[in-house]
Each structure stands twice: as structure tokens, then as C-alpha cells.
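Here are my notes from going through this one with you in mind.

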2 protein chains.
Amino acid sequence: MVSRLNEEIRKKEAPIVVGLDPKPEFIPEGIRKKAYDEFGETAEGVAEAFCLFNEAIIDAVCDLVPAVKPQIAMYEQFGIPGLAAFDRTVRYAKEKGLIVVGDAKRGDIGSTSASYAEAHLGGTRIGDKTVRAFDEDFVTVNPYLGSDGVKPFIEVAKRDNKGIFVLVKTSNPSSGELQDLIARDSEGKERPVYEIVGSLVDEWGSGAMDGDYSDVGAVVGATYPEQGAALRRIMKHAVILVPGYGAQGGKGSDLKPFFNEDGLGALVNSSRGIIAAWREERYSKYGAEAFADASRAAVIAMREDLRQAYE
Amino acid sequence: MVSRLNEEIRKKEAPIVVGLDPKPEFIPEGIRKKAYDEFGETAEGVAEAFCLFNEAIIDAVCDLVPAVKPQIAMYEQFGIPGLAAFDRTVRYAKEKGLIVVGDAKRGDIGSTSASYAEAHLGGTRIGDKTVRAFDEDFVTVNPYLGSDGVKPFIEVAKRDNKGIFVLVKTSNPSSGELQDLIARDSEGKERPVYEIVGSLVDEWGSGAMDGDYSDVGAVVGATYPEQGAALRRIMKHAVILVPGYGAQGGKGSDLKPFFNEDGLGALVNSSRGIIAAWREERYSKYGAEAFADASRAAVIAMREDLRQAYE
């Protein structure tokens, strides 16, 4: 799967993944009204509004970016109708040729991780059919349980040509509480926990190569470029999924450390900065009705900004 | 919420939580046939079988145990119908007076954790109504992202009288890869990562006391009793959710270290050992049709075995 991702990044000159993390307040009144008129001011109504909103944004950006990343928490919050909207969004994005990163941050003991892996990347035999539940292309995975919590995802990824991104150094302010602890690694060397996890990602990924990169990628926040540089060296073959650009503070020129010399190796996420662009001063000329055009303009601006990072 | 849990544990003399982690192969042929006849051999059929199976077990054990713990991965694997079965199981268990621990191991950056917290413990305003998505009583939380990934769950728990269990030392074989790393804590003292997380749990929990215990509990595997003893001392007010009893290897007498001197402080999980008891040699007399009676017998045996741990 990662070779397809890299091909699309090169073709579109855009190492960009659009975060489809809708909130009711990001959605223009007109769309909400349309959805609520049909389904009421209910979870079903919100779910319909999410889908209409996402689909308009997907239509507006699908020729510009390789991938979208719906954050499942935003949908799970609205229960079964919300998760059905997640499912519908994943399917719609794939129909439009986009690669879908399911941001689910799942992880558990081995046999349970295997169920999550089949839920998000694979499929489950029922009688003589295989039922694919959410069928994203990549899923994000939490490493706190160690190898036996991560490997079931890798096995399914290898079987079904999918991929994963393992949380290594997250973008949030308190990520350091655990991730920056200085610990002794298996060789007795003192290193931060995120570097030790980075070495595990490199090791796990070596068995899942697809071209020059591995289907086992990593999450490293744009907010931590120094740590990103160290991790780039440790995880040579991992694509780094980089959240925290824009809304969380990062800028294109800060992101050089996340890329390899081949101009690849990073996939930068922006969520609110793209999907809620219409609410920003700089895109106000589009107005609420043309919100998807504002998103398109924000993607074009981001694409230009990111050239400083990898060219 | 934890005071209600402790009250039920005392009343029923059973620090037991039954893991409702169904797999098609755990479900007797008769139940599967009934569900497939109605919904086909589909995800909907499996979901219906899960519900019929869970409901029979809930009926058979609800007077004996305080709580059940559905593992959401088992349901997520079957997509929207599976998650609807999770929802229905949570509701059914609550109707029968049981406390429900949602084993979801969620965790993300702050604003996203807030969405997960509302999804699993709280509710979301839509217009003038609050929609509760899954509405468990407790949810399990992954601490890898640090305080700002955990605190939104605690805020919602405090607001809505719910609780959480934070993963500290998990029961799986490779849990030590990260959790046992020796690191320097904030005072420069060398300690394993799980102890540092244990201290965070103690700190987080001090602001969420409910009687003698905190609504912030911890997960520590039965398979690691020594670590359990150390963590019991560090997290005096946390109820420890203990997976790994039975199927994963633990025994009642091994679990002493997880309890406090008041006979409380631990909630021991058994999943397969109870729900699939009918498939075991020792309960074979019940046969497939009386599978729920086999589960009841397994709970009674577990209750007796656990007395060695806390009496």
C-alpha cells in the first residue's frame, strides 16, 4: 500500500492527508438545515450533515491530495449513526480514488488486536463470505502493549495490502510524560522512550517493505521537529504521518526534518485548517455556501507551503 | 461510580467482571442457527447471535456478579451491525442492574479524547437534547499520550458519575517491551515505566474520589502479580481491573497482591473461562443448550477461588 501512497504523493506533488474530523460547528448552516430537515436534530441528522460535508470536501480536493484521514472519535461520539457516517465517508473517499487513513489509535492484547485489525484493514469470514467492516487502507495503532499488540495489524496489512502508522511521538503538549522518559534500551543505552518505540517501528517495518518504504509507518507530531529529525534517522523506511500542522502550530519550513532526501517519507495532516477554512478570515471571500472551495484553496496553499520542506 | 461498584462487590461477595467477548465459535449451534435463520449468515446474523448469547449469559449471572465487560473489538470486527450489538448488550446489562465496563482502550490528543469520553461515558448536546452514544459506566483508557489524553475522560466521569481504568501493566507477554523499561521519573529516580504510569494514575485519581476509592482505576494483568504488589502500594485508592485470570493463566491464590487489606481494590475479569465454559470438559454435563448454566457454574467456582485472594 505504501508504494501506492508514494506514487500518489509524487504525482500530485502533495504529501498531504486531509483530516476529515467534522464537528457540527464546522458545518455551514445550509448543510445542517438540509440534514436536520430530513432526519431531525438527532444523531442521524448530525451523521447526515457529516456525510454531506465530507462528500463536498472530498469532491473539491480529490484531484489534489493522495489521502484523507477521518478521525473515528468524531463519529463514535454520535453512536451507531455516527459510525455509519464514518463507514460511508470511507467508502465515498475510496470511490473517488483516495487512500483512507483510519485514525482510530487502536491497540490491545494480541488476539484482540487481531479483531481490530480485521475490523479496520481486513475482513472476517462468515460462512463462505468475507465481510469487510470498515476497510480503511491504513489505520493508526497505539504501541503501549508492545509487539504482540502491533503485529496482528502488520499481519493483516501484509495479507491484504494495507498499512499502519504506529504512534511514536504524538503532537499534544503532554506527549512527553511517557514518550520522553529517558530509559535504558535492550543494549543498556539511555534513550527517550519515543526513540525506543521508533527502533521497534523500524524492526517491525523491515518485514513489510513495499518498494523503498515499509507499510509500517509512524506518527510524529509537527510540533516536535527535533525529535522528528532523530526519528527520521532511526526509521529510515517509515513514512511519518505528521499531525499538528496549521491548527496545532506547525509550518511547512519546520517540517524538513520529517522528510528523506528523496523528497518522500512524510505525510502531513491538516484537519481544521482545511475542512473549516471557510470560517477563517483569509478565506472569507468564499462564504459559507462555497465552503468546499475554501477547503480547496487551503489545500493549494498548504501544498505550496510544504514545498519548502521537501524540495 | 466506584462506590456503587464496591457496594455491589461486597453484597455479592464477588470481585468479578464477566468479559462479554463473544466469537462465533463460542456460540452454541442452536443460537447461531436461530440468528442466521432470521438474518442470514451475515454480519447482521452474527450480531444477533452475539446479542442472544450475551443476553442469556447476563440473565444467568446478573444476580452473582457486579459487572460485565464487553470488549468492543469483538463487535467492531462485524462493522455497524456488530457495534449495534455492542450497544444493545450494554443497554441490556444495565437494565439487569449490572455495571458495564466498556473495554475500548481509547486515548488520543485532548480534544479527540474528549469526543471518545462523550462517546463512551457522557453525551453530546444536539439542539436541546443530550444524545448518549454508548453510555457505559466505565471505559478503559490508554495512557501513551499522557495527561491531556486521559484528563478529558476524568472530566466526563466526574460530571456524569462514571469511571475509567487506565492501562498500566497489561497481561500480554510483550507488555514489558515498553511498560517495563527502566526510566528516570520526574525526581530522577529509576523506576519501570508502569510504576511511573501508576504514580500518574494515583495523581489523576486523587481529584476523583468517591468514598475510599477513586473513579480512576487501573488495568494490571493477573499474569504479573509482583508488579501488581508494587502498583497496589503506589495506587492506594485505585480499583485494579485484573485481566488474565483463567484463560490467560492466573489463579485466585495468585491474586492476593492486587487487593487491599479491606478486601476491596480489585475487580477480576474472566471472559472465555465463563462465556465459553460449556465447551470445557469440567462443565460438559451442561451441554450446548444449557451453556448459560455452565457460565453460572463457572462464576460460582471463580467466586470461591477468589476468596483465597481477599479473605
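This is a predicted model: local features need pLDDT of at least 70, side-chain atom pairs count only at pLDDT 80 or more; totals for chains, interfaces and linings use all residues.

1. Two loop residues in chain B have backbone angles to look at. E13(B) sits in the loop between helix 1 (2-12) and strand 1 of chain B, while D135(B) belongs to the loop between strand 5 (129-131) and strand 6 of chain B.

2. Are these two buried or partly exposed? D135(B) has 20 C-beta neighbours inside 10 Å, so it counts as buried. E13(B) has 15 inside 10 Å and therefore counts as partly exposed.

3. On to the chain B barrel. Eight strands close it in the order 1-2-3-6-7-12-13-14, with parallel pairing. Neighbouring strands of this sheet are turned by 30° against each other on average, direction ignored. Strand 1 (residues 16-20) and strand 14 (residues 266-270) of chain B run parallel and are joined by three bridges; V17(B) stands opposite N269(B) of strand 14 there.

4. Helix 7 lies across strand 6 (138-141), strand 7 (163-169) and strand 12 (216-220) of chain B. Its angle to strand 7 of chain B is about 150°.

5. Helix 12 (residues 291-310) of chain B passes a simple length check: at 1.5 Å a residue, its 20 residues should span 28 Å, and the end C-alpha atoms are 29 Å apart, which agrees. Its buried residues include F291(B), R296(B), M302(B), L306(B) and Y310(B). Among the elements covering the buried residues of helix 12 are strand 1, helix 3 (43-61), strand 14 and helix 11 (272-275) of chain B. Strands 1 and 14 of chain B are the pair from point 4.

6. Over in chain A, helix 5 (residues 79-95) gets the same sort of check. Its 17 residues should span 24 Å at 1.5 Å a residue, and its end C-alpha atoms are 24 Å apart, which agrees. This helix is mostly covered, with 12 of its 17 residues buried; among them are I80(A), L83(A), F86(A), D87(A) and V90(A). Just after the helix, G97(A) takes a positive phi of about 85°.

7. What do the buried residues of helix 5 of chain A pack against? Within chain A, the partners are strand 1 (16-20), helix 3 (43-61), strand 2 (67-70), helix 4 (72-76) and strand 3 (99-106).

8. Now the dimer contact as a whole: 58 residues of chain B are in contact with 57 residues of chain A. On the chain B side, the residues divide into 28 nonpolar, 21 polar and nine charged.

9. Finally, the symmetry. Chain B superposes on chain A by a rotation of 180° with 0.0 Å of shift along the axis, at RMSD 0.0 Å. That is the relation of a two-fold axis. A183(B) is the chain B residue that comes closest to the rotation axis, at 2.0 Å (C-alpha). Since 98% of the interface residues of chain B are also interface residues in chain A, the copies meet through the same surface.

How values were computed
Residues are numbered from 1 along each chain as its sequence is written. Chains are lettered from A and ligands numbered from 1 in the order in which they are written. Two residues are in contact if their C-beta atoms, placed from the backbone, lie within 7 Å. Ala, Val, Leu, Ile, Met, Phe, Trp, Tyr, Cys and Pro count as nonpolar, Asp, Glu, Lys and Arg as charged, and the others, Gly among them, as polar. Copies are superposed by least squares on the C-alpha atoms of residues with pLDDT of at least 70 in both. Helices (H or I, at least four residues) and strands (E, at least two) are DSSP runs, numbered from the N terminus. The expected span of a helix is 1.5 Å times one less than its number of residues. Two strands pair if DSSP finds at least two bridges between them. Axes are lines fitted to C-alpha atoms, for helices over the stretch in contact, and angles run from 0 to 180 degrees between N-to-C directions.
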